[in-house]
Amino acid sequence: MGESNRKGQIKINEKGILTFMAVFWAIVDLLPVYLVITWVFTDNTKNLMRTFVPNSVSAAIEHISYVMHNCDIPEALKDTMIYTVIAIAVMLITASLAAYEFKFYDFPGKKLFFSIVMVSMMMPFILYVIPLYRFVFQLGLADTYIGVAVVYMVSPLSVFILMQFSEDIPQELVESARIDGAGHFQVYFRIILPLMRNGLIVASILLFLRTWGSYLWPKLISAKDVTAISSTITNLINPNFYVDSRIKVTAMLIAMLPPLIIYLFFQRKVIQGIAMSGLKG
């Protein structure tokens, strides 16, 4: 009895500690978002540093209207959405095909190529940004949607995630389709791709979050024709360019809404996908 009580107390203490850590981490993560929303919904007469409760919806409408009509936010949102969608669309094809080949087919150098893909996933972007910039510039894709999106079209992380989701697809299914006369790409499009649906969703959301918030590459490769939302926000908060603090915060809130909404809508799938990848990996 004494030992069982001790075990019960240990479990309760562990649960209490984990709950405290989860609540603390949630507060740390959500506090900046709450402050941004509060400052947007704050009257212009209030001191931002002393405001912790929203007090004016009309002020928020005024701030949002000013940002949408006097800043480059609408154009930046459109451009960022376009090259992000292009990157995701191409990534879904390249990553799913790579996962399909690595998982269901044996070919010379398979282990070597897969090792290269995994190593490239761990390489920092700064190591290959200069040759990549020269390559894109020589192709004449600088300051284009394709030029900005090309970096994100090939995603080793997406290949890894899709391979983990492919673990549950039996090899016999592919072999049966071959016996029935299905071609290489028929198996891919009609059998494998539909069964990868959850993995494709997870990979798309993660790439969306990465592409939307990327700053270095869009800043390097774009000039006038393509405007990234990250560059636009950076210009607004530049100390040499005076803008009211509420306008800066409102622009930040507008910029963070698309990834925030998408993540909140698909968060369960993302968490399940990452957990599945971690367990199987």
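This note sets out points on the helix packing, the salt bridges and the surface of a predicted model.

1. **Packing of α3 and α10.** Helix α3 covers residues 73–104, and helix α10 covers residues 197–212. The two pack with their axes 9 Å apart, at an angle of about 140°. An angle counts as roughly antiparallel when it is over 145 degrees, and α3 and α10 are therefore oblique to each other. Their crossing is right-handed.

2. **Packing of α4 and α7.** A further helix pair is formed by α4 and α7, whose axes come within 8 Å and cross at roughly 120°. Roughly perpendicular covers angles of 65 to 115 degrees, so that α4 is classed as oblique to α7. In this pair the crossing is left-handed, whereas that of α3 and α10 is right-handed.

3. **Salt bridges in helix α3.** A search of the whole structure returns 3 salt bridges. In one of them, the side chains of Glu 75 and Lys 78 meet at 3.2 Å, N to O. Both residues belong to helix α3 and are separated by 3 residues, about one turn of the helix. Lys 78 also forms a salt bridge with Asp 79, with 3.8 Å between the closest N and O atoms.

4. **The salt bridge of Asp 106 and Lys 110.** Asp 106 pairs with Lys 110 in a salt bridge, the closest N and O atoms lying 3.3 Å apart. Asp 106 is exposed, since its relative accessible area is 72%. In general, side chains of opposite charge can pair when their charged atoms come close.

5. **A nonpolar surface patch.** The surface carries a nonpolar patch with about 1,100 Å² of accessible area in total. The patch is formed by Val 119, Met 121, Met 122, Met 123, Ile 126, Leu 127, Tyr 133, Phe 137, Leu 157, Tyr 215, Leu 216 and Leu 220. Two or more of its residues come from each of α4 (110–122), α5 (129–138) and α11 (216–221). Which element gives the most to the patch? It is α4, with 3 residues.

6. **Leu 157 in the patch.** Leu 157 is one of the patch residues and is placed in helix α7, which covers residues 156–166. Its relative accessible area of 40% makes Leu 157 partly exposed. Helix α7 is also the partner of α4 in the packing described above, where the axes come within 8 Å.

7. **Tyr 34 and its separation from Met 163.** Tyr 34 is located in helix α1, which covers residues 2–40. With a relative accessible area of 38%, Tyr 34 is partly exposed. Tyr 34 and Met 163 are 129 residues apart in sequence, and their C-alpha atoms are 38 Å apart in space.

Technical notes:
Residues are numbered from 1 along each chain as its sequence is written. This is a predicted model: local features need pLDDT of at least 70, side-chain atom pairs count only at pLDDT 80 or more; totals for chains, interfaces and linings use all residues. Side-chain values use heavy atoms; hydrogens and water are left out. Patches are made of residues with over 30% relative accessible area and no salt bridge: like charges are joined within 9 Å, nonpolar side chains (Val, Leu, Ile, Met, Phe, Trp, Tyr) within 5 Å. Accessible areas come from the Shrake-Rupley method with a 1.4 Å probe; for residues, only the protein chains shown count as cover. A salt bridge is a side-chain nitrogen of Lys or Arg within 4 Å of a carboxyl oxygen of Asp or Glu. Helices (H or I, at least four residues) and strands (E, at least two) are DSSP runs, numbered from the N terminus. Buried means under 20% relative accessible area, exposed over 50%, partly exposed in between (1.4 Å probe, protein chains only). Axes are lines fitted to C-alpha atoms, for helices over the stretch in contact, and angles run from 0 to 180 degrees between N-to-C directions. Angles under 35 degrees count as roughly parallel, over 145 as roughly antiparallel, 65 to 115 as roughly perpendicular and the rest as oblique. A crossing is left-handed if the near helix is turned anticlockwise from the far one by less than a right angle, and right-handed if clockwise.
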